[in-house]
Amino acid sequence: MNQANNDRKSLDQRISDYRPSKKILAWSIVISAILTTIFGFIAGGWVTGGSARLMATVAARDAVAELASTECVNRFLGGTDAAQRLTDLKALSSWQRDDFVKDGGWSQFGSEEVVGAAVMCADKLAAMDGVPETTSSAAVEG
């Protein structure tokens with residue numbers, strides 16, 4: 001008779017009447033936690049502490065190299081013969097340009113060479129169409 005009553009109940013009523021055991025409830029919690037963790041690391045962007053430290057180190061190194069390469073470009077273009085040096089740099093193959101910048105000392109800061117600065121500097125310089133004209137603020141105002 002009980003089976004006949006279950007057949008007459010709607011699916012919604014049967015779900016509402018269902019009372020899971022403590023064992024099923026515990027396993028449901030464990031499986032939910034595992035699936036949440038897997039989904040978080042795969043699709044949610046979660047990272048381990050070691051990965052976060054590595055990403056921060058790489059980001060800091062790249063930021064220093066970007067800043068150093070900008071200063072390198074300014075030093076390179078600061079001389080009176082910048083146009084000739086830029087022509088010489090562009091005449092070199094791409095894999096020789098960073099050595100040209102290193103040899104010129106434009107990517108040297110103190111006694112240290114900033115990792116990646118010479119390559120970024122050479123790439124920025126090679127992408128230029130020519131030496132930009134500088135305008136001092138005194139000439140503009142006067």
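Is Trp106 buried or exposed, and what is its relative accessible area? Trp106 is buried, with a relative accessible area of 12%, where buried means under 20% relative accessible area, exposed over 50% and partly exposed in between, with a 1.4 Å probe and protein chains only. The model is a predicted one, in which local features need pLDDT of at least 70 and side-chain atom pairs count only at pLDDT 80 or more, while totals for chains, interfaces and linings use all residues. Residues are numbered from 1 along each chain as its sequence is written, and side-chain values use heavy atoms, with hydrogens and water left out.

**Overall architecture**

- The protein has eight helices and two strands, which are DSSP runs numbered from the N terminus (helices H or I, at least four residues; strands E, at least two).
- Read from the N terminus on, the order of the elements is α-α-α-α-α-α-β-β-α-α.
- Of the 142 residues of the protein, 17% count as buried, and the accessible surface comes to about 10,500 Å², of which 60% belongs to carbon and sulfur atoms; these areas come from the Shrake-Rupley method with a 1.4 Å probe, and for residues only the protein chains shown count as cover.
- Among contacts (heavy atoms within 4.5 Å) between residues at least 6 apart in sequence, 60% join residues at least 24 apart.

- Another pair, formed by Phe100 and Trp106, is tilted, with 5.9 Å centre to centre and 40° between the planes; Phe100 counts as partly exposed at 23% relative accessibility.
- Phe76, Phe100 and Trp106 form one aromatic cluster, and the charged end of Arg85 sits over the ring of Phe76, 5.1 Å from its centre, a charge being over a ring if NZ of Lys or CZ of Arg is within 6 Å of the ring centre and within 35 degrees of the ring normal.
- Phe100 lies in helix α6 and, not counting residues up to four places away in sequence, touches Phe76, Arg85, Asp88, Leu89, Leu92 and Trp106.
- The C-alpha atoms of Phe100 and Arg85 are separated by 9.7 Å, with the two residues 15 apart along the chain.

- In helix α7 (residues 117-126), the residues Ala117, Ala118, Cys121, Ala122 and Leu125 are buried.
- Seen down the axis of α7, these buried residues fall within an arc of 125°, so they line one face of the helix, the arc being that of the directions from the helix axis to the C-beta atoms.
- The cover over the buried residues of α7 includes α4 (49-78), α5 (82-91), α6 (94-104) and β2 (112-113).
- One disulfide is counted, defined as a pair of cysteine sulfur atoms within 2.5 Å: Cys72 and Cys121 form it, with their sulfur atoms 2.2 Å apart.
- Because Cys72 lies in helix α4 and Cys121 in helix α7, the pair ties together parts that are 49 residues apart in sequence.
- The link of Cys72 and Cys121 is left-handed, with -80° about the S-S bond, and both Cys72 and Cys121 are buried.

Technical notes: Phe/Tyr/Trp six-rings, centres within 6.5 Å; stacked < 30°, edge-to-face > 60°.
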